[in-house]
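User: I would like to learn how to read the features of a model like this one. Please take me through them in turn.

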Amino acid sequence: MLISLMRRTHTLFLATITQTRAMTTTCRNVDWRWLETTPSTMDSAKELLAARDTNDARPLAVATAHQTKGRGTRGRSWTDDGRGNVALTVAFPSEIPLTPVTLLPLRVGTVVIDALNDSRLSLKWPNDVLLDGGKVAGILVESDGEAIFVGIGVNVASVPTVPSSGSDRGRRAAKVGGDAVAIARSIADGLGAWSQGRDDAMNVITDWSARADWTAELELRETGERVKPVRLLPDGRLRVRGAAGERALVADYLL
Ligand code: BT5
């Protein structure tokens, strides 16, 4: 599967929410919440959305400066040391203006890179924002019933050490600088505005392609093989050229 869309039953960890200091404001058409700390904004967003009025169609944004159990795709972890970075989940209660949903991580990538507004940044398929080859931001998409949850972690002020072996091995991390709360709000606003407009596959392919670094070789996570990106396919798969010729990749195989 291109994205990690996992169906989960709601479990209400309201104790977790009440232990944190929630600051609630309205940020344009986004229902914005700030938590001092939380295990994962993905779970907090699920709890807070479940507790919200079901007639409220606004996207719900839950952000924090510190996660104790942040997650990436396929059970991998997303780490932060609580020093100036940001973790954000934007929950869309019902419909999003894009099909197929496999394109969503790519659209989120363009919204994130535009919000970060730094010409040194580029996108790496399927879900990373890079600075000089280092990973600045990661994107995770999950679903729960009708709702879709988009998680974004951005290294703003500090850079975690990423393991070079084991299941959590990855490329080195990098940071982008700036104000973490302002960055989170800008991303949430961007996603909120996007969710109220119209979108289609060709727009996503064009926008994403314009922000990607097509010169950089990619290393396949499972085999270590190096391939060159060629182009995006309309469903979000990436066509690549390797030693054995061209083929299309699905997500979660790349470092
Ligand atoms: C991702 O997964 O890149 C998606 C990360 C999504 C994190 C957000 S934070 C808000 C929301 N709440 C959550 O609990 N999660 C979301 P993936 O492509 O699987 O990358 C994970 C891999 O990136 C790890 O295995 C490490 O190699 C590396 N990594 C972990 N933390 C990192 C960091 N802070 N910066 C750069 N790389 C990191």
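User: Is helix α3 covered or exposed, and how many of its residues are buried?

Analyst: This is a predicted model. A residue counts as buried when 20 or more other C-beta atoms lie within 10 Å of its own. By that count α3 is mostly covered, with 12 of its 13 residues buried. Among them are Leu104, Arg107, Val111, Val112 and Ala115.

User: What covers the buried residues of α3?

Analyst: The cover includes strands β5 (121–124), β6 (128–131), β7 and β8, together with helices α4 (180–195) and α5 (201–211).

User: How is the length of α3 checked against its number of residues?

Analyst: The expected span is 1.5 Å times one less than the number of residues. The 13 residues of α3 should therefore span 18 Å, and the end C-alpha atoms are 18 Å apart, in agreement. Helix α4 can be read likewise: its 16 residues reach 23 Å from first C-alpha to last, close to the 22 Å expected. The buried residues of α4 include Ile183, Ile187, Leu191 and Trp194.

User: Which residues have the most contacts inside the largest nonpolar core?

Analyst: They are Val86, Leu88, Val112 and Ile187, in a core of 59 residues. Helix α3 (residues 104–116) gives the largest share of this core, eight residues. Ile187 shows how the elements come together: leaving aside neighbours within four places in sequence, Ile187 is in contact with Leu88, Val111, Val112, Ala115 and Ile152.

User: Why is β4 described as largely enclosed?

Analyst: Seven of the seven residues of β4 are buried, so the strand is largely enclosed by the rest of the structure. Both faces are covered: Val86, Leu88, Val90 and Phe92 are buried on one side, and Ala87, Thr89 and Ala91 on the other.

User: Which strands pair with β4, and in what sense?

Analyst: Strands of a sheet pair through backbone hydrogen bonds, either parallel or antiparallel. Here β3 (residues 60–64) is joined to β4 by five bridges and runs antiparallel to β4. Val62 has Thr89 of β4 as its bridge partner. β4 also pairs with β8, in the antiparallel sense, over seven bridges. Val86 is partnered there by Val154.

User: In what order do the strands of the open sheet come?

Analyst: The order is β9-β10-β11-β12, four strands with antiparallel pairing. β9 (218–219) and β12 (245–249) are at the edges with a single partner strand each, so one side of each has no neighbour in the sheet. Between β11 (residues 238–242) and β12 there are five bridges. One of the paired positions is Leu238, whose bridge partner in β12 is Leu249.

User: How many residues surround the ligand, and which are the closest?

Analyst: The shell has 31 residues, and the closest are Gly72, Gly138, Gly151, Gly153 and Gly170. By class it holds 10 nonpolar, 15 polar and six charged residues. α2 (41–51), β4 (86–92), β7 (134–144) and β8 (147–154) each supply at least two residues of the shell. The largest share, four residues, comes from β7.

User: Which backbone features should I look for in the loops?

Analyst: A cis peptide bond joins Thr99 and Pro100, with omega about -5°, and Pro100 lies in the loop between β4 and α3. The bond from Trp125 to Pro126 is also cis, with omega near 0°, and Pro126 is in the loop between β5 and β6. Asn117 is not a glycine but has a positive phi of about 50°. Asn117 is in the loop between α3 and β5 and counts as exposed, with 11 C-beta neighbours inside 10 Å. Asp132, in the loop between β6 and β7, has a positive phi near 50°. Asp132 is exposed, with 10 other C-beta atoms within 10 Å.

User: Where is Arg169, and is it buried or exposed?

Analyst: Arg169 is in the loop between β8 and α4. With 12 C-beta neighbours inside 10 Å, Arg169 counts as exposed. Not counting residues up to four places away in sequence, Arg169 touches Pro163 and Ser164.

Methods: Residues are numbered from 1 along each chain as its sequence is written. This is a predicted model: local features need pLDDT of at least 70, side-chain atom pairs count only at pLDDT 80 or more; totals for chains, interfaces and linings use all residues. A residue is near a molecule or strand if its C-beta atom, placed from the backbone, lies within 6 Å of it. Ala, Val, Leu, Ile, Met, Phe, Trp, Tyr, Cys and Pro count as nonpolar, Asp, Glu, Lys and Arg as charged, and the others, Gly among them, as polar. Two strands pair if DSSP finds at least two bridges between them. A nonpolar core is a set of buried Ala, Val, Leu, Ile, Met, Phe, Trp, Tyr and Cys residues joined through C-beta atoms within 7 Å. Two residues are in contact if their C-beta atoms, placed from the backbone, lie within 7 Å.
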